[in-house]
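Work through the exercises below with the model in view. Try each task before reading its solution.

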Amino acid sequence: MIRIGKFELGFAPLSMVFLFIVLSIFAISAAVRQARPEWPMPLSSLIIINECMALLGTLIYGILLHLTVALTGWIRSRGL
């Protein structure tokens, strides 16, 4: 757990931040590789589309991670 001021970041938030940074790097590099002068889609639009997909992937990962942590805590508290 990392403490920054009064905030504490555990495994889940840190892994989500790391995942978003990695997905953003891939999104920007994919947009740069896709951009061509002869195509009408500008580079900025490609970056925005790919970053939205990176955000969506991070959101889905966060939801699944939250459900996994909550389910694990519920099973431990029930003694199953």
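Contact here means heavy atoms within 4.5 Å. The model is predicted: local features need pLDDT of at least 70, side-chain atom pairs count only at pLDDT 80 or more, and totals for chains, interfaces and linings use all residues. Residues are numbered from 1 along each chain as its sequence is written, and side-chain values use heavy atoms, with hydrogens and water left out.

**Exercise 1.** Decide whether threonine 58 is buried or exposed, and find which residues it touches.

*Solution.* Start with the location: threonine 58 lies in helix 2. Helices are DSSP runs of H or I, at least four residues, numbered from the N terminus. Next, take the relative accessible area, which is 8% for threonine 58. Buried means under 20%, exposed over 50%, and partly exposed in between (1.4 Å probe, protein chains only). Threonine 58 is therefore buried. Last, list its contacts: leaving out residues up to four places away in sequence, threonine 58 touches Met16, Leu19, Phe20 and Leu23.

**Exercise 2.** Find what the buried residues of helix 1 pack against.

*Solution.* Helix 1 covers residues 11-34. Ser15, Ser24, Ala27 and Ala31 are buried there. The buried residues of helix 1 pack against helix 2.

**Exercise 3.** Compare the span of helix 1 with the expected value.

*Solution.* Count first: helix 1 has 24 residues. The expected span is 1.5 Å times one less than the number of residues. For helix 1 that gives 34 Å, and the helix reaches 34 Å from its first C-alpha to its last.

**Exercise 4.** How exposed is valine 17, and how far is it from glycine 62?

*Solution.* Valine 17 is in helix 1. Its relative accessible area is 47%, so valine 17 is partly exposed. Valine 17 and glycine 62 are 45 residues apart in sequence, yet 10.0 Å apart in space, C-alpha to C-alpha.

Terms used. Helices (H or I, at least four residues) and strands (E, at least two) are DSSP runs, numbered from the N terminus.
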